[in-house]
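Q: Could you take me through this model feature by feature, giving the general idea and then the case here?

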Amino acid sequence: MPTRSKKTRTLALVAALAAVLGTAGPARAAAPPANPHLAAGGAGAMHGDTASSDTTPRPGPGTGRVAAHRTALQSACPTVLAGSDGYPVAVCTGILDRAPHVHLLDPATGASLTEVKLAKSGVLGGIYSYLDERDRLVVADGSGDLLRIAHVRTAGGGWELKVVERTPLTGAVAAGDSVVGLSPDWRGRVWFATAHGLVGTVDTTTKAVRTADLGEAVANSLSTAPEGAAVATDHALYLLRAGADGTPRVVWRRAYDRGPARKPGQLSHGTGATPTFFGPRTGSEYLAITDNAAPQENLIVVATKGNRTVCRIPVLDPNGSGTENSPVGAGNSVYVASTYGYPYPAVPDGAGPAEPASAPFGGGLTRVDLDRDGSGCTVRWDARIRSAAVPKLSVADGMLYTVERTGVLDPARTSILDRYDFLAVDAETGRVANRSRLGTGFLFDTLQMAGNATPGRVWWQGTVTGVVRIAPQ
């Protein structure tokens with residue numbers, strides 16, 4: 001066989017590389033910027049990272065057989081985090097006392113190793129917390145304080161959850177208001193947003209708290225990237241940066257269509273989305289949210305720098321769509337899941353009535369791809385998946401992991417007897433690549449909560465009564 005010339009081999013290599021780079025695969029997406037003040041491993045925040053990308057660098061359980069084990073904690077557990085040591089920390093709301101409960105879980109079994117109860121706050125109190133670079137939980141509770149809680153070994157070899165730092169917020173946050181979301185910036189300051197629209201930064205070393213009032217309600221968390229902090233109120237999307245003294249300053253504001261009222265399957269009148277930083281180059285050059293337009297909502301993507309509109313594109317069911325979930329963002333792709341009609345057992349105070357009062361939960365999961373020059377967007381695929389959890393994309397294996405809820409007699413008609421299946425969805429095609437039964441009945445209701453991955457391809461998913469550990473068999 002004749003030997004190919006060096007030039008020919010080089011051209012072939014270049015062509016192969018160009019072909020690879022030209023393929024829009026989520027596994028080749030730019031990772032969100034690694035925040036040095038967040039726990040390593042991709043599970044330090046509810047949405048995985050401070051960009052709220054809802055991606056994980058770890059592989060999930062995959063497409064083979066899985067084993068699922070439910071740990072009953074007598075609490076709804078929307079937040080299951082894990083740091084560099086692999087120990088999951090669950091932030092839950094007690095079924096009876098409605099107070100936040102923090103559990104340290106056994107990585108091998110999901111059993112609660114120890115628990116601490118925090119002061120009661122609002123419906124969303126404590127949910128949007130995170131683990132810092134030392135695997136300590138950073139959370140605001142009903143006492144009006146910002147806490148750091150470490151999990152440490154006791155003298156007897158057991159575990160203890162211990163408050164190791166306390167910073168009062170009572171001088172900045174008014175009585176009757178409550179912290180909704182927390183996220184660290186690149187200097188280690190803790191950004192927070194309150195239900196009444198106060199945005200602030202906390203220097204926990206000096207105890208300095210600086211705030212700015214946006215004058216609009218906030219019902220979701222905030223996200224941080226090197227470009228600043230993104231907050232979505234019930235009227236607009238904001239990008240903010242801290243001034244020299246730490247005071248938040250608005251870089252730009254983007255109003256959106258908030259619709260005529262709260263929709264069924266949403267917790268507030270406005271966007272249900274925590275803003276998502278994403279992008280193919282830096283991992284944070286774009287911001288995405290959904291609006292609340294009726295009857296069909298839109299995905300809105302803007303350039304972080306300059307607030308330039310990339311696209312505003314209708315997504316999900318044109319006859320009635322809405323979501324309470326943050327979009328998944330990776331590379332040039334965004335994934336939006338419908339929660340329209342999902343039966344939440346409670347909504348925050350002041351949420352207002354839903355219009356219509358109720359609706360079937362038909363679901364829907366849409367992938368939208370940005371044009372390579374950032375000039376527009378196109379719907380790539382639309383799948384009729386009734387996602388009952390916040391989908392999360394593994395950039396390691398190219399799967400979107402979520403839980404599907406199916407009615408007994410009518411798939412879209414929900415009841416306490418519904419079936420819950422853990423899904424692996426091919427992010428390229430929207431095809432369900434694997435389905436594993438979690439259980440039947442309200443004990444397994446995942447209530448649009450976000451899962452997280454830990455080493456060994458283990459998936460942790462909160463439910464209304466505890467936590468489910470899902471792992472390959």
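A: Start with a loop: Pro356 lies between β24 and β25 (365-370), where helices (H or I, at least four residues) and strands (E, at least two) are DSSP runs numbered from the N terminus. This is a predicted model, in which local features need pLDDT of at least 70, side-chain atom pairs count only at pLDDT 80 or more, and totals for chains, interfaces and linings use all residues. Residues are numbered from 1 along each chain as its sequence is written, and side-chain values use heavy atoms, with hydrogens and water left out.

Q: Is the peptide bond from Glu355 to Pro356 cis or trans?
A: Most residues other than glycine have a negative phi, and most peptide bonds are trans. The bond from Glu355 to Pro356 is cis, with omega near -5°. Another cis bond runs from Ala294 to Pro295, with omega near 0°. Pro295 is found in the loop between β20 (286-290) and β21 (298-303).

Q: Which residue has a positive phi of about 55° although it is not a glycine?
A: That residue is Asp54, placed in the loop between α1 (6-21) and β1 (55-56). Buried means under 20% relative accessible area, exposed means over 50%, and partly exposed lies in between (1.4 Å probe, protein chains only). Asp54 has 0% relative accessibility, so Asp54 counts as buried. Asn307 also has a positive phi, of about 60°, and is not a glycine. Asn307 lies in the loop between β21 and β22 (309-314) and is buried at a relative accessible area of 16%.

Q: What does Asn298 touch, not counting residues up to four places away in sequence?
A: Contact means heavy atoms within 4.5 Å. With that exclusion, Asn298 touches Ile289, Thr290, Asp291, Ala293, Arg312, Ile313, Pro314 and Val315. Asn298 lies in strand β21 and counts as buried, at 6% relative accessibility.

Q: How many disulfides are there?
A: A disulfide is a pair of cysteine sulfur atoms within 2.5 Å. By this rule there are two. In one of them, Cys77 and Cys92 have sulfur atoms 2.1 Å apart. The torsion about their S-S bond is about 105°, so this disulfide is right-handed. Cys77 is in strand β3 (residues 75-82) and Cys92 in strand β4 (residues 88-94), so the pair ties together parts 15 residues apart in sequence.

Q: Is the link of Cys311 and Cys377 left-handed or right-handed?
A: With -70° about the S-S bond, the link of Cys311 and Cys377 is left-handed. Because Cys311 lies in strand β22 and Cys377 in strand β26, the pair ties together parts that are 66 residues apart in sequence. The sulfur atoms of Cys311 and Cys377 are 1.9 Å apart.

Q: How many aromatic pairs are counted?
A: Rings of Phe, Tyr and Trp (its six-membered ring) pair if their centres lie within 6.5 Å; planes under 30 degrees apart count as stacked, over 60 as edge-to-face and the rest as tilted. The count comes to eight aromatic pairs. Among them is the tilted pair of Tyr335 and Trp381, 6.0 Å centre to centre with 50° between the planes. Tyr335 sits in strand β24 (residues 333-337) and Trp381 in strand β26 (residues 377-383), so this pair ties together parts 46 residues apart in sequence. Both Tyr335 and Trp381 are buried.
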